[in-house]
Every structure is written in structure tokens, then in C-alpha cells.
Amino acid sequence: MVVLAVVLMAAVGSSALALSPRRAWAATPSPATTGCYRWSRALHVGMSGADVAQLQIRVAGWAAYRSYVTVDGVFGPQTQAAVARFQSGYGLPADGAAGSGTFAKLDSLQDADCTPVHFAWSELDDSSACGGGFDGGKLPATTVQANVFRVMWKLEALRHKLGDHPLVITSGFRSILCNQWVGGASNSQHMYGTAADVVGGSGVSLCAIALAARSAGFSGILGPGAPSHDDHVHLDSRIENHSDGLTDGWYWSAPACGIPTSTSTTLKALEAELDV
């Protein structure tokens, strides 16, 4: 797959977005960025552009149950529904259109480097024991970082749905060597920057995390009751990862939390299950 590098410039500066053959938009901000994206127009159904894609990235954690927000730069009903859930979640008028009030709330939720306020690059980059950073994985470092950025915004939504209790990242991106060192799966989503292993802070159980993640845009969920996942919850965006050579699909398994092992491996099956 040909992937174009994408760099999000500071403040209102220019922003370019990567377009894969499946129209998957991705922003790749730099940790050194001193400003963040600013919207210059209100957005609603029927509009399209890079600003819509930026909005989709930030509301992706407000997807419907067993669904995800397609980051394609096109403002359709799916995006409208996610925006409305975001608005409702933060006490805004839930009309599904993104205007000044929605943008102000999004601005308040992000740091100057564009990352959500409750998560940092250092929490999701490669283990310090493996050298840190975002290189050495299955994709170029800029693409890995773009994927991590999207995961971070989903985690921000998940955190809010859990009553704003902290979520602790125990593993984010892993280089190929680091993944081998920890005994990760041979084609682990961690090597693409599309996964995070989490535990809850005070008052948040692993099962609460797994259950809430079902409506936070995660197509991969592994938690208590799944082999080797009784001490953390693995979350990933595997259905949006078109670089892993796997059939796009869902995989949820946390039997101890009432989430039976279930899969959906075809787009036709996915479309039948989407609740938008």
C-alpha cells in the first residue's frame, strides 16, 4: 500500500492528510508542534474536506455500539451521529452539526501538540527498554504516529464515558524487536500503532473498561476471561488497519465480563451490524 506522509501544521497553518486506496484519512502531528488544528467553518452533513477528517478523528470514540467512524473526510450520517453523541456526552446541544461550541469543547480537550489532554505521546510510544519512539514497527514512523494519534482520541472518549477516571496505558506502540521481546503476537496490532493495553485507575474495573469500549470505536477488545488478558484490556482498531494483510473484521473476547468471543470478518457482515 502506498502511504503518503501527512503533517499537521501548528495553529491554523496548512494541513495535509494521507489518503490510502480505501480513503482512510490520517493526521500525523509532530510531538514538537506548538499549536494545533483550528477549524475555520461550521461543519454539517453534506460537507467534505480535511477539516471534516480532523473532526472525525476527534469524535471517533463516540461511535455507536459495535461500530466505528470512517475517517474519510466526508460528513455523512455516521459522522453526524458521532458528533451528536460527543455533544450529548459533554452537555452541548446535540444537533450533530459542528459549530463554535463543539470546536471550543474539542479545543479544551487537547494540548498544544494536538494530543488529548489526558494522554501523552510518551505513554504510547515504544518501551524505553526498546529505545522509545515510533520507528522499527511494521509501518513508517509517521504512519505509526498517525495511528497512535487516532487511538489516543478514542481513549479520551472512553475515559470520559468511564466518569473521567484515569486510564493507565501499559503498552502502546511496539517495535518489531520489542514485540518479540515481550512475546507479542507475530502480527500484533501494537506494531502498527493501532493498539493500546490499558488498566483502570482507582474505581474503574477491567470489565467496566471492556464493556464501555464496545461503544468507543474499538474493533478489537480482549479482556478478562480471554487467554493472557486477566490483568489488562487490549484495545485496537484492527478493522481500520488495511496494512496488516488480514481480512478486516472484529474480534471481541472478555468472557468474564459478559462479552463472549465473537468475530465478524467480512465487510458485508459489518455493514449488517452497523448501528449508526
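Residues are numbered from 1 along each chain as its sequence is written, and side-chain values rest on heavy atoms, with hydrogens and water left out. In this predicted model, local features need pLDDT of at least 70 and side-chain atom pairs count only at pLDDT 80 or more, while totals for chains, interfaces and linings use all residues.

**View 1. The disulfides of the chain.** The structure holds two disulfides, a disulfide being a pair of cysteine sulfur atoms within 2.5 Å. With bonded cysteines counted along the chain, the pattern is 1-2, 3-4.

**View 2. The disulfide of Cys130 and Cys178.** The sulfur atoms of Cys130 and Cys178 lie 2.1 Å apart. The torsion about their S-S bond is about 75°, so this disulfide is right-handed. The link joins distant parts of the chain, 48 residues apart: Cys130 lies in the loop between α4 (121-124) and α5 (141-161), and Cys178 in helix α6 (residues 176-182). Helices (H or I, at least four residues) and strands (E, at least two) are DSSP runs, numbered from the N terminus. Cys130 is partly exposed at 28% relative accessible area, whereas Cys178 is buried at 2%. Buried means under 20% relative accessible area, exposed over 50%, and partly exposed in between (1.4 Å probe, protein chains only).

**View 3. The disulfide of Cys207 and Cys257.** Here the sulfur atoms of Cys207 and Cys257 are 2.1 Å apart. The link is left-handed, with -80° about the S-S bond. Cys207 belongs to helix α7 (residues 206-213), and Cys257 to the loop between β5 (250-254) and β6 (259-264), 50 residues apart. Cys207 is partly exposed at 22% relative accessibility, while Cys257 is buried at 11%.
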